[in-house]
Amino acid sequence: MFTGIVTDIGIIDAVESRGDTRVRISTAYDMGSVDLGASIACSGVCLTVVDKSAPGAPGWFAVDVSGETISRTAAEQWTNGRHLNLERAMKLGDELGGHIVTGHVDGVGTVVSVAEEGGSHRVFVRVPAELAPFVATKGSVTIDGVSLTVNSVEDGADGTVVGLNIIPHTAAVTTLGTVAEGQAVNVEIDVLARYLQRMEHYRGR
């Protein structure tokens, strides 16, 4: 489990195809405190550490990304030089600063527009139709691994657009500070909404 509070921005510095895709990510984390087999959320995708830097060396870790994961996450995410929002798995007793995040992407959204508003950025994201019923104003949503509050939801003929406010701090410590119109982003609905989705599925049978 995660909280959607990003603690580092990693950079992909190597991508290798070996059945699955082996991705190496540079990080400021002290990898001496990260065990092999540990989970790290990479722009909202929960992945397992399969290799890592030696103690005292510049930090990096490697993950294996399956074809299924690549097909269900944002285009161009798994490319050399890409910046990723990183979060280590929460520990029992940690402060829950965001909301409960599973690291399982529900769909890929598209940034419709980005505009300055005061000192913040207002970002609008079109979400997949199947996720629209489970995103609500003042509820929570995870975009590229970042826990955010939904400011607005507009349903239209061309889909549902979610309005989000990116405050300066969030812009500075996550990749959302450079998000651009047309960019694909990973979307995870609130875990409570996911259970509601399952209940609705069975109710309609």
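Val111, Val123, Val125, Ile143, Leu148, Leu164, Ile166, Leu176, Val179 and Val185 line the largest cavity of this protein. A cavity here is a set of points on a 1 Å grid over the protein atoms alone where a 1.4 Å probe fits but cannot get out, and lining residues have an atom within 4 Å of a point. This is a predicted model, in which local features need pLDDT of at least 70, side-chain atom pairs count only at pLDDT 80 or more, and totals for chains, interfaces and linings use all residues. Residues are numbered from 1 along each chain as its sequence is written, and side-chain values use heavy atoms, with hydrogens and water left out.

**Inside the cavities**
- The lining of the largest cavity divides into 10 nonpolar, no polar and no charged residues (Ala, Val, Leu, Ile, Met, Phe, Trp, Tyr, Cys and Pro count as nonpolar, Asp, Glu, Lys and Arg as charged, and the others, Gly among them, as polar).
- Strands E8 (120-127) and E11 (159-166) each supply at least two residues of that lining (strands are DSSP runs of at least two residues, numbered from the N terminus).
- The second largest cavity is lined by Phe2, Gly4, Ala41, Gly44, Glu87, Val101, Gly103 and Gly145.
- Three nonpolar, four polar and one charged residue make up the lining of the second largest cavity.

**The barrel**
- Six strands close into a barrel in the order E1-E2-E5-E4-E3-E6, with antiparallel pairing (two strands pair if DSSP finds at least two bridges between them).
- Strand E2 (residues 20-26) runs antiparallel to strand E5 (residues 60-65), and six bridges join them.
- Thr21 stands opposite Val65 in E5.

Definitions and conventions:
Helix = DSSP H or I, 4+ residues; strand = E, 2+ residues; numbered from the N terminus. 1 Å grid on protein atoms, 1.4 Å probe; cavity = no way out; pocket = protein on both sides within 12 Å on 5 of 7 lines; lining within 4 Å.
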